[in-house]
Each structure stands twice: as C-alpha cells, then as structure tokens.
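Dear colleague,

I am handing over the structure we spoke about, and below it you will find notes on what was found. Please read them with the structure open beside you.

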Amino acid sequence: MPVMPPPEDIVKVAIEWPGANAQLIEIDQKKPLPSIIREVCDGWSLSGSEQFALRNADGQQLYITEQSRGEIKNGTILRLAISPMRAARQLLERMQSHGIDARLEALKELAKLSADPTFATEFINMEGLGTLARLVESGTHFGEMLAFTLTAFLELMDHGIVSWDLVSVSFIKQASYTFISPMVDVSILQRSLAILESMVLNSHSLYQRVAQEITVGQLISHLQVSNQEIQTYAIALINALFLKTPEDRRQEMASTLAQKHLRAIILNHIIRGNRPVKAEMAHQLYVLQVLTFNLLEERMMTKMDPNDQASQITITLSVYLTLTIDTIDCFLLQKRKAFYAKDYKMLGFTNAGNPALDFTPTPPGMLALDNILYLAKLHQDTYIRLVLENSSREDKHECPFARCAIELTRMLCEILQVGELPNEGCNDYHPMFFTHERAWEEFFCICMQLINKTWKEMRATTEDFKKVMTVVREQMSRALAMKPSSLEQMRVKLRSLSYAEILRLRQSERMSQDDFQSPPIIELRERIQPEILELIKQQRLNRLCEGSCFRKLGNRRRQEKFWFCRLSLNHKILHYGDLDESPQGEVPLEMLMDKIAVSDIKAVLTGKDCPHMKEKSALKQNKEVLELAFSILYDPDEALNFVAPNKYEYCIWTDGISALLGKELGSDLTRSDLDTLMSMEMKLRLLDLENITIPEAPPPVPKEPSTYNLPLGG
C-alpha cells in the first residue's frame, strides 16, 4: 500500500513547555484554536486552558492567532505561553511594584513583547500606554529603566492602534529634555529622537509642539558626535521637521539651517568622517538633498509675466551686468527697450522682441532667469566670455546662451527630481551638493561651460541644438553616476567626457548594427542565444541560492527589521525567516524557519498587482516602491510579499522565480546581460574575421568537374 500524503489542513509541529518534554502533535487547521490549546494543556495536565496561548518559539516569537495560524508549517516549533491578556495584566502589576529590580525586569520583558501586535492590543486596552507615559512624564526613571520604557512606548505606538495625538505636552517636554541632557545614555537618546520623529511625521499638532520644544542648534549638535546611529536619528528628525514645515516657512527654516552651518557639519562629520556612510544615513542624506532642491519648486513653476515691466528690466540688466547696475537708468532701459532686440538676440533669446516669453514655460519658469543672473553676477568673467565668444562666431555656429541656460535648467530639474517627494529606500545622494552653500547654482555654471565646450567639439549649428543638449544630458548623467565628492571633481569628470569620448562609450556599449546584420551573423546569433539565456538562467538561480535580505515594508524607524529568503541548492524549496539585523554574510538554512515548496508556486506578481501594494494605500503613490515590489503566489491562496532593496535585486528575483516556473526571463537586467554577453561571445567567435568583409550570402558552389580522373602528382 502506498503511503498517502497527509491532508493539506494537517500540520505536524512540536510544542514546548518549560520543564516538560515537548509534545509532537498534528494540528488540524480546521479546528478552532481554543480547542487545540485545550488539548495541548491536557497533555501536560494544565487547567484553565483559556489562560494560555501558542507562540512561535523562534524568530520574533509572536502569538499565534486565528489570522496568523495559516503561517504554521510542518516542522514548526511552537511554545505554550500565558495568554496575551494575562501577560499584559501581569506586566502592568509588576511595573507598579515597589521593588526596582522587579520593575526593571517587567519593563525589559515589556519592551520585547510590545513588538507583538496581539499583545500590544491587549496592553493598550488595559490603559498600559497611559501608565508608560506617566512613567516618562514623572522624570524619576533613568538609565536602563527609562530606555526600556521608551522602547516599549515606541513599539506599541508603531502598531498604529491609537493616534499619536493622544501624547501629552508633558511627555513631549520630557522626551525633548532627555536628548538635550549632556550625560544622557545613548540608548535613551536614540529612542527619544525616534519618538519625536514619529510625532512630527504622524501629527500636525504634535509637530507644532515639538518644533516649539527643540531648536535646530540642539539637533545639529548631535551630528558632531562619533556615533553614526545618533547622527542618523538626529538628521532624520531634522528631515521630518523640514518636511512638515508649512511651505511659506520652509525658506526660513533653510536659512536657519544654513546659519547653523548644517551643510558643513554634515560634510565634515558624516560624509568625510572616519566611518563609511551606512545605508540608512545615505537615505537620510538623500532625503535632505531632495527637500533642499524642492525649495526651488516655487520658482521653477512661476511663469514670467510678459507685460511685467520689472521683469523686462531684470532681463535687460542681465545684458549689461558688465556695467555698474546703479548707473543704469531703468526708466531709459524701459523706454528704449526696442533698441535692445539686437542684444537680446546676441544673448540667445528665442523671442528677441519680448524675451520674457522665453521664461513662461514651466518648468523651468523663473528658475532659469535666477540661474542666469547668478552666473552673470558671481562668475562675471565666465559669463562675459560665453556671451562674447558666441557673438563673435558665424551666425550658424553661435551657441544661443539664453536658450541653452533655459533648457539646461529644465534638464537639471528633471534629473535631480525637483518638486518630487523622497522615495522610501532610495540612497541616491550626491556628496558634491554638500560642499557649497549654492551647490545647485554652481553646478549650473559648470554645466553651462560644458555646453559651450561640447557645442564647439560638435561644430554644431542652431539646427543641432537638440542633438547637443542630448549629448550634454548624457555627459551630466554619466558624471553624476560616478558620485564625485566635490564640484571641482565634477568639473574634471565632465571635462574628460568629451564628445569624442561619448561617441566611444556609445560604440563600446552596443554592437555596430552595420556589422552584425548580415544573414550569416544573424544565424550565428540565433544559435548562440539559447546558450546565453541558459547561462543567465543559471546565474539567477545561483543568486537565489545565495539568498537576499529584504527590509520590512512601512518601518519608519531606524531600528530596521529585516527578513531573509533563499532557494535550496536542489531548487525545490524557498526558505525564509525574520532577522534581527541585516546579515553580513550567508544566512544558514537552519535560521530560516519558514519555507515554500517551489511546486506550490502558482505565479509571480509585480508592481500594483501585488497584494501588499493594494493594502498600502499610502505607498501606492510611491513610484519607487511600486517598481521594486513583487509577490509570490502559492497554494493554498497565500502570498509571500517582497520589496527589493534595489532594481538589481528586483530583476534577479523576478527572473529567478520565472526560471523556476519555466517562464521566459523578461527583466531589463536580462536584456542588458543578454546584449553584453552576446556581444562578447560574437566578438570572440569573429575575432579571426577582423577586417574581413562577411558576404551577405554564402559563396556559390562550384560546378562539378567534367572528369574525376585527376592526375596524381609525382
């Protein structure tokens, strides 16, 4: 008789209880959870089964509920524990005991249990949050006791069960006081900063109260310490305050940050500090960079009124900045503006009769004029040289200065995403923007010189304007990707990326279409392609066997939570599980308690089709998260949800799962790898045919000889 597989609703588990042998039982998932707990209690002769519950023995050790019981797999180790309600009641009683040691142990246990949503709900329902808040407000707890209290409070609030608006002013004052105290413990400082950040992000009224309690100077002082964790929390709070500041006051806050030398402190103590910048710090620097650039949005979206006399005068003055502005009679300039049409044309305006029309499209709007004036005022020699050099060229070869400046401003706004909100998980900050108070304008000035240089190298005419700007955009994008550490380094990298170098790079990055379109070459490509695709497929599966670490979605705090997933070496099982911290090397399969059989996988979904993207309404607006999200659907109607740390890992995993399912690999990375490997393989195979013209058709077969009686050589 063949052995019948167990029903899908039956899972075999081990259940532990302190001081007793573990029970090996089969759980019927159709059976009510209280009935299962009663049977387990009977096995150890324990009465009052309603006072007990089941918890995971490994990982976060969360309570098993009717909603989460479906996650129990064969071989899972569970633990019988007191129920969440009973645990919450006992901890509340111990927290209010007279013995300091007993209270400390209770708070320590509470800090750990508070991460469990089931326990958190029971504890909050018993007014436990109020008890914790009063402990903080009393100001009588210090050291470990205060650290565990703040940790528990933060964990409980992070579940979103109650609103942050319930937090009192007294609590805010005490939390603010802890991080300005000179001898405060590092763990207390971290929790205080994290709590204040959450208050600012989750409540407008609390933002106002926090902004009243703390100063930018107090926060900046924490950026000058050697502990990068504290620096990260401090800059995260600065970003939160910056983000929530009303738009009409953001320029004022930016000025305050500049007066406190925030940029220089970040540059010297973080970017150029003794420690490498970690991922979370890189994200916070990226957020600050985005928020700083977003201050330009108002000018970027402001159109110039063609009938505004003041605007006309400003443009006219830009032509005459070689003179002393005070000596110019603005009235005469306005009166005689018709005489300046020739000068406007020399400066490169498209609408020489009324140059204000050039600044009506948004973006870049008035921001383009601001950039031109900055170049003219602060880099006057460069400005005069660019204008006069082009005015002396032949009409067809002159580089239109104003038109280039306006288009360059538009491109910079697009490349650096001015006006867009920061993307969660993005770490794309540029160190050079922290090296100068007016880094945006300085970068513009460098790129204006680049345009003039590229224009000459291309020997361009007015008709080539779009082509030149396309090359300039590529030059800027390639240089930015190198992450130069200063504006001077950016200048050097842009200088090295000449037009000839761009052409060379383009040539090396793609195969010449002329050389590889003959029928014999196409046939060779078709024969090689399956081998290359199989190679790519094996690489993807090998990467899945190594595994990847993923961050848990929606976690706003610095105490990041991670989980790891990897494929078994026989490609039959996906193992995954929670981790306390990001791993430094390979994670053993023994540490990953959950698993999915590859044979149970039905499909892989991406983007907005993923279940966790439909649930997270706030994140649906985040394009970055949507582009990195994918889900594995498996029997019975379950989903394992991912948000990849970057586009590379996203492509690796979606390709790998597709390979396991026998489907075509369709990611951008596969197409790129295929092109690269095909190019290399084709060049290797055709190496002996260099400088030999490959015919379009095979040579004709010669006619048969009239006789086969060929003479043999003596």
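Of the 714 residues in the protein chain, 46% count as buried, where buried means under 20% relative accessible area, exposed over 50% and partly exposed in between, with a 1.4 Å probe and protein chains only. Please keep in mind that this is a predicted model, in which local features need pLDDT of at least 70 and side-chain atom pairs count only at pLDDT 80 or more, while totals for chains, interfaces and linings use all residues. Residues are numbered from 1 along each chain as its sequence is written, and side-chain values use heavy atoms, with hydrogens and water left out.

The protein chain holds 30 helices and 11 strands, taken as DSSP runs (helices H or I, at least four residues; strands E, at least two) and numbered from the N terminus. Among contacts (heavy atoms within 4.5 Å) between residues at least 6 apart in sequence, 67% join residues at least 24 apart.

Strand β1 (residues 10-17) and strand β2 (residues 20-28) run antiparallel and are joined by seven bridges; two strands are said to pair if DSSP finds at least two bridges between them. Val11 has Ile27 of β2 as its bridge partner, and in the hairpin of β1 and β2, with two residues between the strands, Gly19 takes a positive phi near 80 degrees.

An open sheet is formed by four strands in the order β5-β6-β7-β8, with antiparallel pairing. Its edges are β5 (548-551) and β8 (594-597), each of which has a single partner strand, so one side of each is left without a neighbour in the sheet. From one strand to the next the twist averages 25 degrees. Four bridges connect β5 with β6 (residues 562-567), and Cys549 has Phe564 as its bridge partner in β6. Helix α26 packs on this sheet and touches β5 and β6, its direction making about 135 degrees with that of β6; angles run from 0 to 180 degrees between N-to-C directions, and axes are lines fitted to C-alpha atoms, for helices over the stretch in contact.

Helix α26 (residues 519-546) also packs with helix α29 (residues 647-660), at an angle of about 105 degrees and with the axes 8 Å apart. That makes α26 roughly perpendicular to α29 (under 35 degrees counts as roughly parallel, over 145 as roughly antiparallel, 65 to 115 as roughly perpendicular and the rest as oblique). Among the residues making the contact are Leu541 and Leu544 of α26 and Ile652 and Trp653 of α29.

Several backbone features deserve a look. Thr362 and Pro363 are joined by a cis peptide bond with omega about -15 degrees, and another cis peptide bond, with omega about 15 degrees, joins Pro363 and Pro364. Pro363 is placed in the loop between α18 (341-347) and α19 (366-378). Although not a glycine, Gln417 has a positive phi of about 55 degrees; Gln417 is partly exposed, at 30% relative accessible area. Arg459, likewise not a glycine, has a positive phi of about 50 degrees, and Arg459 counts as exposed at 70% relative accessibility.

Finally, a search of the whole structure finds zero disulfides, a disulfide being a pair of cysteine sulfur atoms within 2.5 Å. The sulfur of Cys445 has its closest cysteine sulfur in Cys447, 9.4 Å away and too far for a bond. Cys445 is buried, with a relative accessible area of 2%.

Best regards
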